[in-house]
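Please look through the sequence and the structure shown here. A short briefing follows, grouped by topic.

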Amino acid sequence: MKDYTFYIASAYGFAALVVVAAIAKITLDYRALRRKLARFDNKEQNR
Amino acid sequence: MLKYANPTNFLALAARLIPWLAGAAALALAVGLYLTFFVAPDDYQQGASVKIMYLHVPAAWLGMMCYMVMTSAALGTLVWRHPLADAAQKAAAPLGAAFTLVCLVTGSLWGKPMWGTWWVWDARLTSVLVLFLIYLGLIGLWQTIEEPAQAARAAAILTLVGVVNIPIIKFSVDWWNTLHQSASVFRLGGPAIAPSMLWPLLIMALGFTLLFFTLHLMAIRNEILSRRLRRLSITAAAAEDPEVAGEVFS
Amino acid sequence: MSSPLAALFGRELRIARSVGGGGAMGVVFFLILVSLTPFAIGPDLNLLSRIGPAILWIAALLSTLLGLDRLFQADADDGSLDLFIMSSTPLELVVLTKCAAHWTLTALPLIAAAPLLGLTLGMEPAALAGVAASLLAGTPALTLLGAIGAGLTAGLRRGGLLMAVLILPLTTPILIFGVASASAASGGTVPFHTPFLILCGLSLMAVAGAPFAAAAALRAREA
Amino acid sequence: MPQTEVRPPKTQILQGISAKALRVDRGGRAIVRGVDFEMRAGEALLVLGRNGAGKSTLLRALAGFLSLREGEVRLNGGAAEATLAEQAHYVGHADGLKAALTALDNLEFWARMLKGAAGAGLSPEGALEKVGLARVGDFPVAYLSAGQKRRVALARLFVAPRPIWLLDEPATALDVGSQAKFAEAMAAHRAGGGFILAATHAPLGLVDAKELRLDAVRPREAGDAA
């Protein structure tokens, strides 16, 4: 049976990469939005 | 259900739900990975490379499921014109693209040892590729139209047109060529693969689904906040106009 | 580069990133064009790999050109073009900088994506490297020729298609030597460097001449 | 008090502009014909006339966007062999702003792009302060109203000092307060030896400005320059 670890590793590696990238992008966007919204918070409560 | 429909309540609900969902997703994925690597037997033909199936198949399902979520959100946008539906729609498109991309790449990595080439133009991989292109088109549409509500309506129409065409694409691609093994999981006679392989697959699929809903909720939250930021910025800019007019050009 | 041109280059990148996802639209169009060909020709990989370089080159040619019709349109609409004409920086250098920015945003990702897409056409590594190298050498000429077309059609209503019709005939030498060098990379009678050097020559000629033609076209608009 | 700009050396200061028998064609037709005017440093010229009389065409020709069919414009003094356009600001109907960028980014860009020989002008923040838009500097221009966009465009005049101001209907979309204040800024520019050529309907509050009526220009009849 040929050794497929390269293919398995790169498949799971790529999937992990995409998942981590998605999580990172969403959380970074969230933090940036909170920071920008903080500027308006004092003037205006979240309706 | 309508109580949660207004964005502020939704934010409160999301804040409570997201940690639980994330935890469940992590747990399911951990169990799935454990089963895949330590319990599930190798395939008599493909050997260990079958382990890629536990990634490839759930990713394909998620790509399709994500489109269904987007379609229902599109109906929400067009029928009830609800901002939450707009946000759900916009949040789903990149996730759908990500899952279909994972499906394509893992399919190619699985195909190399099995069929000897990185890519084969067979029916199912090609249909997923077309689905991936539809997702990219939607993301492009979202980025081009600035005004959120207008972008949502446009994307909703494109999504619904897409959902009508996906079965046609599926059929025509099948007709065009079929090399891929027939749908072994959902054969009419029930799953053909051994239970020992089926369980890890279903658990991985559950893990992916939970991951999707976690990310989707978080992305919807981002979308609501960014629309609020846009609205506040516009009103703040407008507020600058009348009372300071006197001090200009001094 | 003097600061005005550096400022222009920075501005072009910033605008592209904030609206329309940068050059991504060009790469997606390239991806779609390449994916559509097998539907027409059929899934047979041996055939596809033989005509792979041609498919990739035609797709690159079309996606580069069709992405260019907006090059000056936005500036013409919001009045920036008039101010460029008035600035002490020559319009030719402004055109060259905008082409460089457009090339970085559209052509570079395209050159990176071409080898990956070549895999779907069953091309082997030598051919993939050949396509990437020939695209790297040929796309500057495509962008600059397209800039001339964009200059001619800026402000016209149906500029996009007209621009392609004007410029596509002029790009035939680039296509011929581009595909020739890409195919020569995977063996064949013609050595790789012969068409490749001609391609580089075409690009250098375009860098030298096209900005003047495009600037003249912009000035001649007399909006 | 506005920041005092750096004074270019004596010879480089633009003393005067003289235009002889200008003719500008558009679409094969002479829109502007037989126009003459003389201007010295500190003077203003109001280009008047009904719509379509060629006010904008004349200004766009002076800015170098349209070629002169006949006649010529001579500069007296000013930077060596710099054309009128390179020593002029043009504020037309379009504001020259990229909606996706912030007001500060736009001004920063134009400051470097239009940097003339006359040294650096106000900083983008200073220019925005001068037009009363300091607090909206970091919002994308897309969020600003037409009046605010207009004032950001006018702020361009301050970030890169150029002696000649070519203004095409500068007062449109400006509220009364802004118009009054802009009149003061124009007076300050003229006091500093600047030239103002403005095509306008609304009164701009320019003190003892010369007038150039375009619809009074008949073929073969010299325009009344005084």
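In which loop of chain D is D:Asp208 found? D:Asp208 sits in the loop between β7 (195-199) and β8 (210-213) of chain D. This is a predicted model, in which local features need pLDDT of at least 70 and side-chain atom pairs count only at pLDDT 80 or more, while totals for chains, interfaces and linings use all residues. Residues are numbered from 1 along each chain as its sequence is written, and chains are lettered from A and ligands numbered from 1 in the order in which they are written.

- Most residues other than glycine have a negative phi.
- D:Asp208 has a positive phi, near 30°, and is a residue other than glycine.
- With 6 other C-beta atoms within 10 Å, D:Asp208 is exposed (buried means 20 or more other C-beta atoms within 10 Å of the residue's own, exposed 12 or fewer, and partly exposed in between, with C-beta atoms placed from the backbone).
- D:Ala173 is not a glycine either, and its phi is positive at about 65°.
- The loop that holds D:Ala173 lies between β6 (164-168) and α5 (176-191) of chain D.
- D:Ala173 has 17 C-beta neighbours inside 10 Å and counts as partly exposed.

**Chain C as a whole**

- Chain C has 10 helices and 0 strands (helices are DSSP runs of H or I with at least four residues, strands runs of E with at least two, numbered from the N terminus).
- The radius of gyration of chain C is 18 Å, close to the 17 Å that the globule rule gives for 223 residues, so the chain is as compact as a globular protein of that length (the radius is taken over C-alpha atoms, and the rule is 2.2 Å times the number of residues to the power 0.38).
- The C-alpha trace of chain C spans about 55 × 35 × 30 Å along its principal axes.
- Among the 223 residues of chain C, 53% count as buried.
- Of the contacts in chain C with a separation of 6 or more, 80% come from residues 24 or more positions apart (two residues are in contact if their C-beta atoms, placed from the backbone, lie within 7 Å).

**A helix pair in chain C**

- Helix α6 (residues 91-120) and helix α10 (residues 193-220) of chain C pack at an angle of about 110°, with their axes 8 Å apart (axes are lines fitted to C-alpha atoms, for helices over the stretch in contact, and angles run from 0 to 180 degrees between N-to-C directions).
- α6(C) and α10(C) are therefore roughly perpendicular to each other (65 to 115 degrees; under 35 counts as roughly parallel, over 145 as roughly antiparallel, and the rest as oblique).
- On the α6(C) side, the residues that meet α10(C) are C:Leu91, C:Glu92, C:Val95 and C:Leu96.
- Their partners in α10(C) include C:Phe212 and C:Leu218.

- Chain B has 7 helices and 0 strands.
- Of its 250 residues, 43% count as buried.
- Helix α4 (residues 123-144) and helix α5 (residues 148-176) of chain B pack at an angle of about 170°, with axes 10 Å apart.
- That makes α4(B) roughly antiparallel to α5(B).
- Between chains, 23 residues of chain A are in contact with 29 residues of chain B.
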